[in-house]
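Here are my notes on the model you sent over. Have it open while you read, and go through the points in order.

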Amino acid sequence: MARGGENRGRLLLIILIITSLFLITLDLRGVSLISGLRTGTQSALSPVQSVGATILTPVRNFFVDVIYLGRTRSEMEQLRTENGELLSQLRERRSIDAQLEQLQGALDLAGKAEFKVLSARVISQGATTSFTQTITIDAGSRNGIKPNMTVINSYGLIGVVKTVYTNSALISLASDPSFRIGVRVAGSQQIGILSGQGTRKGVLQLLDNQSTIKVGDILLARGSVNNQPFVPGVPVGEVTSVDNAAGAVTQTADVRFFANFSSLGIVSVVLAAPDIDPRDSLVPPKPLPTPIPTVTVFVTPSQSPSPNSTGTE
Amino acid sequence: MSTRKISLTALLFILVYILQEAFITQLRIAGGGFSLFLIFALLWAALSSPNMGALTGFTAGFLIDLSQSTAGAFGQWTLVLIIVGFGISYFGLGYENVRLNPFTITFLVTVSVVVARVVYLLLSLLLGEDLGTFSSIATSLLVGLLWSAAVVPIAMPVVARAYDFINDTRSRL
C-alpha cells in the first residue's frame, strides 16, 4: 500500500513537471491562448489595482514624509504651529501638486516636440518575482494605447509600451536589462546603442570607431521607422564616464538616465509624433550655477597715523 | 481531499494573490520589496505533505505566471515552484522537528524564497533572457532574503492557523 502511495506521488510530480514544461513550450512557440490568459487576468485585476492605488496613496505619502523628515525638519517646525485640519489639507495638496508638476513637465516636453500624448497614472511597479523593470499604468487599449509606443515624463524617456490590456498597459522601463535603444549625441551625429543595466545607469556603445564622446554629452533617442517604438529627439540621459580602453573596437560610456524610475507618478504615452524630427530642441537646459556672494573691502590707509590707530579694533 | 478543503484553499490563495498584485506591488518598498504570495505559498507547502507541496507549488506558480509583472516564459514559475514546493515539504516531512520548530521553518522558508529565485534565474539563463548585471541581481537577492526573513515570522502564525482551520489539523507552530 505504502509503495502504491509512493508511486502515485511520483506520478503526480512527473505529471506536474511535464505540464509546466508543456506550458513553457507553448509560450515560447507564441500560442495565443497563453498570452490570452495573462491578458484576461490583467483585465480582471486592473480595477482592483486602481482601487488599491487610491487607498495606498495616502499611506505611501506618509512613508515618504517619514523618509524625508530630516530634510524638512525646519519646514515641519513651522507646520506644527498650524492646526490639524490645515496639515491634512497640505498633505493631500502635496500629493496632487507633485502629480500636477510631473504632468505639466511631461506636457511641456510633448508640446515642444508637438507630440500627441496621453497622460496616465502609474498604478503598479514590477514585482519582486521578476528581475525585469516594469510599471503598469491606468490607461489601455480603450484609451488608444498600442504596443511599442514611446513613454515619456518631464525629464525624457521612460520606456516603451510592452503589453496593452483593456484598461491598463505594461511599460518596459529604459532601465530594464533587456532594453536597447538607438541614441545620438546632441549637437553631433554620433550614434550608438544604449542598454539598460537594471539601475538608473545605462551603458552606451558607439557604433563608429572614429567617434569620440565626452562626459556631459546629452543623448537623445534616434527614432524608429514610423516612430515606433521610439520617437526621435526625446532626451534619454547624460554621459557620466567614458571608457577609453586601448583594446576596445568602439568607445563605451556610462550614462545616467534623466528620468528617476523609482519615483514615477504620472507618465505620458506618445500616441502620435510629427513627421519633422525635433532634432536638438528637446535638450534640457544646463542648470545655472548658484551665485556665490562676494564681499569686497576697500582699505584706505590714513596719511598721518595716530598712536591710537595702530591696533585693530 | 474534500470539496470544502479544495474550495477554501483556492479562495485563500486567490485572496492572497489579489492582495499581492493590487496592494503589495504598489507599496514601492525599499530594494524591490518582497512577494507575500511567494512566502505564503512556500509556508503552505512547508506545512503540507510532499505531494501537496508540489501541487501547492504548481498552483502558486501558475498564478504568478498569470501576473502581468512576470516577464519570463509562461510556466517558468510553475516549474520552479513545483520543485521548490516539493523540496521544502519533503525536507520538512523528513525531519519532524524541523516542521514543528518556528525558527527552523522560518529559516527553511526564507532560504526557499532565495532558492526559488535562483532557480528562476538559472531557468531564465537557459531560456536566453537578459538578466542585468551581477551586482543588481546579487542586491535583489540579498534584499529579498532580508525582507523574507522579516516577513516570514509575521506571516507564519496566520498561515499556520489558516492551514489548521482548513485541514482540521493542529500544528504546534
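1. The barrel in chain A. Six strands of chain A close into a barrel in the order β6-β7-β8-β11-β10-β9, with antiparallel pairing. From one strand to the next, the twist averages 40 degrees; the axes behind that angle are lines fitted to C-alpha atoms (for helices, over the stretch in contact), and angles run from 0 to 180 degrees between N-to-C directions. Strands here are DSSP runs of E with at least two residues, helices are runs of H or I with at least four, and both are numbered from the N terminus. Two strands pair if DSSP finds at least two bridges between them.

2. What you are looking at. This is a predicted model, in which local features need pLDDT of at least 70 and side-chain atom pairs count only at pLDDT 80 or more, while totals for chains, interfaces and linings use all residues. Residues are numbered from 1 along each chain as its sequence is written, and chains are lettered from A and ligands numbered from 1 in the order in which they are written.

3. β10 (residues 235–243) of chain A is joined to β11 (residues 252–257) of chain A by six bridges, and the two run antiparallel. Look for E238(A), which sits opposite R256(A) in β11(A). β10(A) also pairs with β9 (residues 218–221) of chain A, again in the antiparallel sense, over three bridges. There, L220(A) has P235(A) of β10(A) as its bridge partner.

4. β1(A) and its partners. β1(A) pairs with β12 (residues 266–272) of chain A in the antiparallel sense over six bridges, with R121(A) opposite I266(A) in β12(A). Three bridges join β1(A) to β2(A), which run antiparallel, and here V122(A) stands opposite I137(A) in β2(A).

5. Which elements of chain A give two or more residues to the side that touches chain B? The contact itself takes 42 residues from chain A and 43 from chain B, where two residues are in contact if their C-beta atoms, placed from the backbone, lie within 7 Å. On chain A, the elements giving two or more residues are α1 (2–28), α2 (32–67), β1 (116–125) and β2 (134–137). α2(A) gives the most, with 12 residues. The chain A side divides into 19 nonpolar, 20 polar and three charged residues (Ala, Val, Leu, Ile, Met, Phe, Trp, Tyr, Cys and Pro count as nonpolar, Asp, Glu, Lys and Arg as charged, and the others, Gly among them, as polar).

6. α1 (residues 3–22) of chain B has 20 residues, which at 1.5 Å a residue should span 28 Å, and its end C-alpha atoms are 28 Å apart, which agrees. The expected span is 1.5 Å times one less than the number of residues. Among the buried residues of α1(B) are T9(B), V16(B) and Y17(B). α3 (residues 50–66) of chain B passes too: its 17 residues should span 24 Å, and its end C-alpha atoms are 24 Å apart. Since 16 of the 17 residues of α3(B) are buried, α3(B) is largely enclosed by the rest of the structure.

7. T106(B). This residue lies in helix α6 (residues 102–126) of chain B. Buried or exposed? T106(B) counts as buried because it has 20 C-beta neighbours inside 10 Å; the cut-offs are 20 or more other C-beta atoms within 10 Å for buried, 12 or fewer for exposed, and partly exposed in between, with C-beta atoms placed from the backbone. Leaving out residues up to four places away in sequence, T106(B) touches V152(B), P153(B) and M156(B). M156(B) is 50 residues from T106(B) in sequence, yet 7.8 Å away in space, C-alpha to C-alpha.

8. Confidence. Chain B averages a pLDDT of 85, and 89% of the residues score at least 70; pLDDT is the predictor's confidence in each residue, from 0 to 100. The predictor gives the complex an ipTM of 0.83 and a pTM of 0.60. Where pLDDT is low, the predicted coordinates should not be read in detail.
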